Amino acid sequence: MPASDLEQDAVRGRRARLLDAIRRRLLIGLVAAYAGVLVLAPVAALVFGAFSQGLGAVASALSQPDVLHAFGLTLAIAAVVVAVHAVFGTMVAWVLARHRFRGQSLVNGLIDLPFAVSSVVVGYMLLLIFGRTGLLGPLLEQWNIKIVFAVPGLVLATLFVSLPFMVRELLPVLQAFDVEQEQAAATLGASGWQTFWWVTFPALRWGVLYGVVLTFARALGEFGAVLVIGGAIQGLTETATLYVYRALDQREYAGAYSAALVLGLLSLALVTGIDLIRRRAR
Amino acid sequence: MTAVPRPTRAGSGAPPPDPIHWGRGALRGAALTYLLVLLVIPLLVILQDGLQGGLSGLWQAVSGRVPLAALWLTLWTAAVMAVISAVMGTLTAYVLVRYNFSGKALLNGLVDLPLSIPTLVTGVMLVVLYGPQAALGGWLLNVFGWHIIFAPPGIILALLFVTYPFVVRAVQPVLADLDREPEEAAATLGAGGWTTFRRIILPALLLPVTSGTLLSFARAIGEFGAIVIVAGNIPLRSQTAAVYVLSQVESENRQGASAMSIVMLAISLSVVLLVYRLQSRGQRGPAE
């Protein structure tokens with residue numbers, strides 16, 4: 001009975017398509033609900049929370065001198081950290097991509113270490129080295145160098161936690177880079193620096209820019225390590241995240257929510273902005 | 001020699017000629033010194049400090065009631081997060097790869113969002129939403145009696161938020177590259193959608209799901225910013241390992257702080273190493 005066979009096939013096909021459509025709806029709905037509850041709802045809550053007392057409250061909370069100092073300090077630390085990683089991170093990526101040496105895979109794995117270390121532990125490690133009873137404590141006291149509970153400690157802690165970004169952005173770019181272009185430049189009489197500056201660097205441009213932005217964004221948000229090493233001294237070592245922490249503790253919700261919103265928006269704008277620029281450039 | 005230029009890869013092949021001949025050693029020296037000073041020395045110092053009394057001293061320092069409770073809370077909340085993340089992360093990746101729908105770009109953006117938001121800000125967000133004074137938090141507390149903030153559910157929510165991209169971004173590329181023919185064959189042979197998913201898609205995704213899940217677990221062990229806001233610092237109730245380390249640093253109990261730090265490092269690093277091993281085996285597998 002070929003006719004009824006065909007009919008059965010058609011029914012089965014229709015049923016399968018219907019099931020497919022139902023499954024599609026269900027899965028999309030489930031995932032959208034999950035992402036909505038998990039990510040979107042908290043973000044929206046913070047935006048509403050910050051603006052619930054009006055724009056004026058946000059503006060006046062953010063223009064307090066201690067808040068301005070905290071944000072200034074955070075931006076300054078992030079700038080120094082980015083500058084250091086731009087130089088040394090490029091060097092590390094270069095050495096990993098171009099040199100061959102024993103223990104290379106160990107060094108390669110070491111780059112990701114900061115991802116696996118709790119930020120509190122990072123601050124504590126530095127305390128064990130530079131603290132009063134730490135390894136270098138007596139020496140630093142003798143020379144009157146202040147690292148712990150001072151800005152240099154904040155910079156060191158932020159350097160540690162943001163180390164992987166520059167290297168991880170540059171390494172694949174360097175590895176994919178065609179060495180023959182450099183060889184051609186060298187054959188044409190270019191010096192090592194000329195080759196780097198005119199041939200290699202332009203190819204790395206996007207990698208460097210992306211690494212800089214990710215490092216900067218990570219540095220803005222560092223909290224645990226700077227809390228432990230800096231002690232959150234108001235007006236001295238209190239960064240933007242530490243201000244949010246204190247304001248929450250003192251129930252100054254307008255300040256806490258506004259500053260948290262600014263921090264979040266700043267990081268988000270940086271990362272999305274660079275993404276958009278890169279996509280357009282391609 | 002072939003005429004085709006080949007990209008150099010770490011760990012294989014002869015060293016390519018270096019355009020900067022001079023200063024090659026100096027460059028390597030500077031790069032390695034940087035890593036040594038910034039990463040290796042702090043790590044060695046804390047290991048030396050925490051292991052002064054040997055492993056028994058370490059155990060003694062973390063086996064008190066409070067540190068054990070902190071460690072247990074950290075481990076079980078991370079485990080619950082990992083299970084939820086594995087399922088929902090895989091489903092998110094599946095929906096993003098296989099379906100087209102309005103709002104897909106938004107969903108894609110939401111997945112990456114946690115990476116660019118400071119974890120402290122994540123904590124503040126959750127408190128604003130679920131805190132006892134908040135509309136939703138108060139409602140959940142009054143109607144269901146659910147404590148979210150200063151309790152384990154808040155910790156799990158914070159961890160889920162922070163690690164949302166891990167599984168999704170591990171699974172997505174593998175799923176996108178997956179050959180569709182076996183699935184179509186299975187469907188032609190009468191296999192239902194669930195059977196096809198379980199027998200054909202899931203085995204191919206096992207490695208990325210496992211590594212994404214393990215990495216989010218490792219990340220959760222050390223999470224601090226989001227948790228200290230959401231969970232507070234109540235010993236025996238909502239104090240996690242990272243928050244315990246902070247409280248020991250503040251009360252100048254060096255032994256306790258060092259010991260707990262080493263335990264956390266050991267857990268995170270061994271999980272990360274396991275992932276590296278799984279991935280390198282997975283990469284070698286199909287080539288052989």
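**Figure 1. Chain B, followed along its sequence, reads α-α-α-α-α-α-α-α-α-α-α-α-α.** In this predicted model, the tally for chain B is 13 helices and 0 strands. Of the 288 residues in chain B, 42% are buried. Look at contacts between chain B residues at least 6 apart in sequence, and 73% of them join residues at least 24 apart.

**Figure 2. Helix H6 of chain A packs on helix H1 of chain B.** Here residues 119-130 of chain A meet residues 24-50 of chain B, with the helix axes 9 Å apart and at an angle of about 80°. That angle makes H6(A) roughly perpendicular to H1(B). On the H6(A) side, the contact comes from A:Met125, A:Leu126, A:Leu128 and A:Ile129. H1(B) brings B:Pro42, B:Val45, B:Ile46 and B:Asp49 to the contact. Sorted by class, that's 7 nonpolar, no polar and 1 charged residues.

**Figure 3. Helix H13 of chain A is largely enclosed by the rest of the structure, because 8 of its 10 residues are buried.** This helix covers residues 240-249, and its buried residues are A:Ala240, A:Thr241, A:Leu242, A:Tyr243, A:Val244, A:Tyr245, A:Ala247 and A:Leu248. What do the buried residues of H13(A) pack against? From chain A, there are helices H3 (65-98), H11 (192-221), H12 (224-230) and H14 (253-281). Chain B joins in with helices H5 (119-130) and H11 (225-231).

Conventions
Residues numbered from 1 in each chain as written. Chains lettered and ligands numbered in written order. Predicted model: local features only at pLDDT ≥ 70, side-chain atom pairs only at ≥ 80, totals over all residues. Helix = DSSP H or I, 4+ residues; strand = E, 2+ residues; numbered from the N terminus. Buried ≥ 20, exposed ≤ 12 C-beta atoms within 10 Å, placed from the backbone. Contact = placed C-beta atoms within 7 Å. Axes fitted to C-alpha atoms, helices over the stretch in contact; angles between N-to-C directions. Parallel < 35°, antiparallel > 145°, perpendicular 65-115°, else oblique. Nonpolar A, V, L, I, M, F, W, Y, C, P; charged D, E, K, R; others polar.
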